Amino acid sequence: MKSSSSCGRSGSRLDYGRRFDLPDDMEDEREDYGVGGAMLPIFLNDLRRNNGEDLVEVTLELENDSIVVCSVSPTPTREENETTPATGLLGRSLSATSIIRRKFAWLRSVSTRTSTSEVEDHAMTERDARRIKAKLQRTTSSAQRALNGLRFINKTTGTNDTDDQWRKVESRFESLTKDGLLAREDFGECIGMVDSKEFAVGIFDALARRRRQKIARITKEELRDFWLQVSDQSFDARLQIFFDMADSNADGRITREEVQELIMLSASANKLSKLKEQAAEYAALIMEELDPENLGYIELWQLETLLLQRDNYMNYSRPLSTVSGVGRSQNVSSFRPKNVIRRASLTLRRLILENWRRGWVLLLWMMAMASLFVWKFFQYKNTAAFHVMGYCLCTAKGAAETLKLNMALILLPVCRNTLTRLRSTRARSFVPFDENINFHKIIACAIVIGILVHAGIHLSCDFPRLIYSSPEKFAQISSDFNDKIPTYKDLLTCVEVLTGISMVILMAIAFTLATSHFRKNVLRLPAPFNRLTGFNAFWYSHHLLGLVYILLLIHGTFLFLTHKWNHKTTWMYISIPLLLYIAERSIRTCRAEHYSVKIFKVSVLSGNVLSLLMSKPPGFTYKSGQYIFLQCPSISSFEWHPFSITSAPADDYLSVHIRTVGDWTRELKQVFTDVSDSPSVIGRAKFGKPGHIDQQGQPKLLIDGPYGAPAQDYRNYDVLLLLGLGIGATPFISILRDLLNNTRAAEDQMDSVTEMSQITRSEEESWNSFPSSSFTPATSLTPSGKRKAPRTRNAYFYWVTRELGSFEWFKGVMDEVAEMDHKGQIELHNYLTSVYDEGDARSTLITMVQALNHAKHGFDILSGTRVRTHFARPNWKEVFTKVASKHPNTTIGVFYCGMPVLAKELKKLSSEISHKTSTRFEFHKEYF
């Protein structure tokens, strides 16, 4: 007999292989042979009859006192290679395995000793075949990828990091121990799994079973041993721990019930209560995949196969959740020119390209202020009053001139109807309309500075110099003060100063309550001062500025040292912007009464979201990405709140999704969900009051709009990258609906082309009588009346949310995209940040269940849609890189709606990738 080796194993296991001849009629003679240790070679040598040449190689594992058949592989002769199919040899070899195992029962492992029937024997043969195939397919690269998907501690893999982590664990051990022993329940907190104590207890029990112990507390030495096992960076070690967690009775097998327990443990660690309810169903799904022989259990190698083939399952299940296709590879590696001048020029070029539009506007504004200041400064320097009050007067009057300009300009960024119309003109190419609120805030800051300079110098410098001026100097301006040197009290009680002080007080209130700390309820003040925080305080205090403009006109009319009407220029500055703003507010009031809507459907969704489906008023047109204002007279006749439109322009209804996080939104939810026939009151809402309900008994709802937003410019780009956080997905849902409607319209037109061509053929008419240009897919018309196709070709939508229930908000849209988007125009990516990332052991099994279920049934187990849900946060750099690789030499519109913190990172990435590749990303943002 010739020896051979195979089936490598680590540890104390030995491989023992023998090659022998297998007779055809071994089934008839198998009862004549005995069993037992030294007789095995004799038996194997004796398996030769009729000069048979069917050869197989049997590999045995010697471990402690047991011998386990590892594999049986064929070793055919040259003639057999030429005439016998491989499947036949493998079948006979596997049948030989079955014969040997039945003959030598003591060769069987613990996991196979119970198989006695012919059906079980055949199932074992099939399982052996899969086991051999799995071992042959295992590679180092696949093991490394699986290693990344089975992490118990964190992503770091260095020895120094591990030592540092142990010191932290050791420190926590000292603070958690009692009598030098760490309790089983505190194990999770000790090793850093504070939020997953139940999962950590499962690890604790698995490691304790390895010691054949059932313990409730451990010493520091035992903790050190546990830690070394948990932090082991080898795939086999991690796999064994994961397997032992499920193998609760330590018999080397995992049953369906044990898989179910592990699923429930993982779901509990990730706070997925819905998944726990369906754990039995998903456990059966895993058993169906890994146990096709229906033996009722799986072994370590089968779990290993599942993890090694993780990428195959994931790729198969994500047709709508990955960047499909392969574009031209682009170099996106970071580079830094060595030449300082070259580096500086590249930085300057990037800054100019990113900021030239806002730059020229700010530069023009600052030049205008500087010019007005200098002009007024020198104007007063040449007056008699300069000899009395000096440069203080010139500086104060120069600051006053800039205040007039800024009090006029601050109204323009909030003239929403005007800005919405201008967005549709060519002005959008050089005016940054997306920055209107930022410009509004910058002007407000300039006004504060102007007030401090103007009022401060008047009170601290001009007035004292005037009061204490000599009679000779005062005589030059005595006619302005009734030929009498005024006292400080006289100056403070005059009309000019009283109106000025009043304006300062009102603006201080409005500006303070407009800061983010007050407006967003960051400050927690005790009652009754808590009413000074929140959106309502901001909204009402801002309307005090109407009184400020009245006082400003009075203040500009009664001026010291100026008597000619054409020199009193305050009204010249503010008249046109003020009239424009008043006209806008008047239009809003009239339009709101005209745009009273009927409520078709009210839905209360998970995550404190209210969905309103309402009628579209006659003549109401809008673009995807725009927003409207809502007013509910039952709550307040003065408050208007903005919300993104989630329906598409082609829909015959309007829809909005409102997150109930403030006073007004909570009351709106109560108004529409708690309506009764009798008058009742909820907070400020009095929806039983006449005039506050419509003819159908529903609370009255008024809308105003639509108003322009950054997302409405999506049609200017061939490729879209839509990034929404939580409720920030709402403006992009309208865009997705619009793209779907365009796709549907295109398909309808193609169907009409096909139908008409069939009709023409049947009537033997010429195809030329139906020009193809008249049936091009389109949803819009050019000014000349010709149809044009929508510009947008591809859209990538990334939705990141913390709450699982959020996916229910737009479940219908997701399914529609999956059903209608046959050409792969839209790619959807859902991310759930409340679940540990896909490489964490706490989410590994959930990831596999998710992939298996999606591959088999076509829907996601978390969102219930056909779009697979990713875990944790996206790798934004990888997202931008993939999109850039797929679309070289393309300008991509990046639209973001969410929190300001992430906007900075995304803007920076857009700039970096744009300068490292031929793809240009143009970033647009809006906050909620």
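## Basis of the model

Residues are numbered from 1 along each chain as its sequence is written, and side-chain values use heavy atoms, with hydrogens and water left out. Because the model is predicted, local features need pLDDT of at least 70 and side-chain atom pairs count only at pLDDT 80 or more, whereas totals for chains, interfaces and linings use all residues.

## Overall make-up

The secondary structure comprises 34 helices and 23 strands, taken as DSSP runs numbered from the N terminus (helices H or I, at least four residues; strands E, at least two). Of the 928 residues, 48% count as buried, where buried means under 20% relative accessible area, exposed over 50% and partly exposed in between (1.4 Å probe, protein chains only).

The protein exposes about 46700 Å², with carbon and sulfur atoms supplying 56% of that area, as computed by the Shrake-Rupley method with a 1.4 Å probe, for which only the protein chains shown count as cover for residues. Among contacts (heavy atoms within 4.5 Å) between residues at least 6 apart in sequence, 72% join residues at least 24 apart.

## Strand E20

Strand E20 (residues 826–832) is largely enclosed by the rest of the structure, because seven of its seven residues are buried. Ile826, Leu828, Asn830 and Leu832 lie on one side and Glu827, His829 and Tyr831 on the other, and both faces are covered.

Pairing requires that DSSP find at least two bridges between two strands. E20 pairs in the parallel sense with strand E19 (residues 794–801) over seven bridges, Phe797 having Leu828 of E20 as its bridge partner, and also in the parallel sense with strand E21 (residues 869–871) over three bridges, where His870 is the bridge partner of Tyr831.

## Salt bridges

The count comes to 27 salt bridges, each a side-chain nitrogen of Lys or Arg within 4 Å of a carboxyl oxygen of Asp or Glu. One of them joins Lys886 and Glu827 at 3.6 Å, N to O, and this pair links distant parts of the chain, with Lys886 in helix H33 (residues 876–886) and Glu827 in strand E20, 59 residues apart. Glu827 is buried, with a relative accessible area of 3%.

## A nonpolar patch

Leu348, Ile352, Trp356, Trp360, Leu364 and Phe430 make a nonpolar surface patch of about 600 Å². Patches are made of residues with over 30% relative accessible area and no salt bridge, like charges being joined within 9 Å and nonpolar side chains (Val, Leu, Ile, Met, Phe, Trp, Tyr) within 5 Å. Ile352 lies in helix H17 (residues 340–381) and, at 47% relative accessibility, counts as partly exposed.
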